[in-house]
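Reader: I would like to go through this structure term by term. Please set each value against its definition.

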Amino acid sequence: AAAGHIINNALFANVLYGFNTDSRYTPYIGAGIGPDFISVQNFGASNTGYLRGDTVQAAYQGIAGISAQLDDNWSVSADYRYVASFDPKVSSTSGGQGRTDNASNNIILGVTYSFGTPAPVEPAPELKTAEAPVVTPRAPMQPAVAPIPQSYMVFFDFDKSTLTPEAKRIIASAAKEYKNGHYVTITVTGHTDTVGTVAYNKKLSVRRAKAVKKYLAALGVPSKDVKAIGVGKNGLMVPTANGVREAQNRRAEIVLVK
């Protein structure tokens, strides 16, 4: 009859890769490798002798799972892990040594709390002392007129960076205006509402800005003339409390400057 048990204490260095889904859910896969400290206690069948002893073997694991962001700080995850080591070789009570299989299938549920990071604070502009104007007998110069930027705005569905048909129509208008030759640069700034973490919304706002830049390039606007940035929850069009879905805050602003 079978008896005994095997105790494994493994240390793994893991590598994980998450798949971007433009949503709160992130599937991921991974793998790990490390040492496994194995203790075999009276394992085997009585008619053939028990295996006993301690050994260290190389261990490995394969990981596949999914995580879900609940709010600014909390997330949950579930993953499957196949954990195994090279077959441990220990002493046998019948004499000599023996080996045994050492592998397991595991389901792991996790809860993660992330400490939020404050929104970046822009440095205050440098103050310069104004100099007194120099009076000359020349005719007064006409004050320079600052170039007036032309701006467009497109909106996104909740937690998405996919362009809607209406957004593509507006971007096409911006591209046409740019190609008329009156402007030399375009800045696209992505924004989000206040649902989600600071880090997640920063990435989402960058994806929205890059989606606009990519479509401008498809319409013939040189990529080198377009700057795409994301500011996450900063610069709300409609101020709201944290965790509020507001459609007008899920946007990208397109500014054409001479």
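Reader: What makes a set of residues the largest nonpolar core here, and which of its members touch the most others?

Author: A nonpolar core is a set of buried Ala, Val, Leu, Ile, Met, Phe, Trp, Tyr and Cys residues joined through side-chain atoms within 4.5 Å. Buried means under 20% relative accessible area, exposed means over 50%, and partly exposed lies in between, with a 1.4 Å probe and protein chains only. The largest such core has 22 residues, and the members touching the most others are Val-154, Ile-186, Val-188, Val-212, Leu-216, Ile-254 and Leu-256. At least two residues each come from β9 (150-155), α1 (165-182), β10 (185-190), α2 (198-218) and β12 (251-257). The element giving the most is α1, with 6 residues.

Reader: How far can these positions be trusted, and how are they counted?

Author: This is a predicted model, in which local features need pLDDT of at least 70 and side-chain atom pairs count only at pLDDT 80 or more, while totals for chains, interfaces and linings use all residues. Residues are numbered from 1 along each chain as its sequence is written, and side-chain values use heavy atoms, with hydrogens and water left out.

Reader: What makes a run of residues a helix or a strand, and how many of each does the chain have?

Author: Both are DSSP runs, numbered from the N terminus: a helix is H or I with at least four residues, a strand is E with at least two. By that rule the chain has 2 helices and 12 strands. Their order along the sequence is β-β-β-β-β-β-β-β-β-α-β-α-β-β.

Reader: Why is Thr-55 called buried?

Author: The relative accessibility of Thr-55 is 17%, so Thr-55 falls under the 20% limit and counts as buried. Thr-55 is in strand β4 (residues 49-69). Contact means heavy atoms within 4.5 Å. Beyond four places in sequence, Thr-55 is in contact with Asp-36, Phe-37, Ile-38, Pro-88, Lys-89 and Val-90.

Reader: Is Ile-229 buried, exposed or partly exposed, and what value decides it?

Author: Ile-229 has 32% relative accessibility, which lies between 20% and 50%, so Ile-229 counts as partly exposed. Ile-229 belongs to strand β11 (residues 226-230). Leaving out residues up to four places away in sequence, Ile-229 touches Val-188, Thr-189, Gly-190, Ser-205 and Ala-209.

Reader: What makes a space a cavity, and how many of 30 Å³ or more are there?

Author: On a 1 Å grid over the protein atoms alone, a cavity is a set of points where a 1.4 Å probe fits but cannot get out, and lining residues have an atom within 4 Å of a point. Grid points are joined across faces, edges and corners, and the volume is the space filled by probe spheres set on the points. The search of the whole structure finds 1 cavity of 30 Å³ or more. The largest cavity has a volume of about 40 Å³. Its lining residues include Arg-24, Phe-158, Asp-159 and Arg-250.

How values were computed. On a 1 Å grid over the protein atoms alone, a cavity is a set of points where a 1.4 Å probe fits but cannot get out, and a pocket is an open set with protein on both sides within 12 Å along at least five of seven lines; lining residues have an atom within 4 Å of a point.
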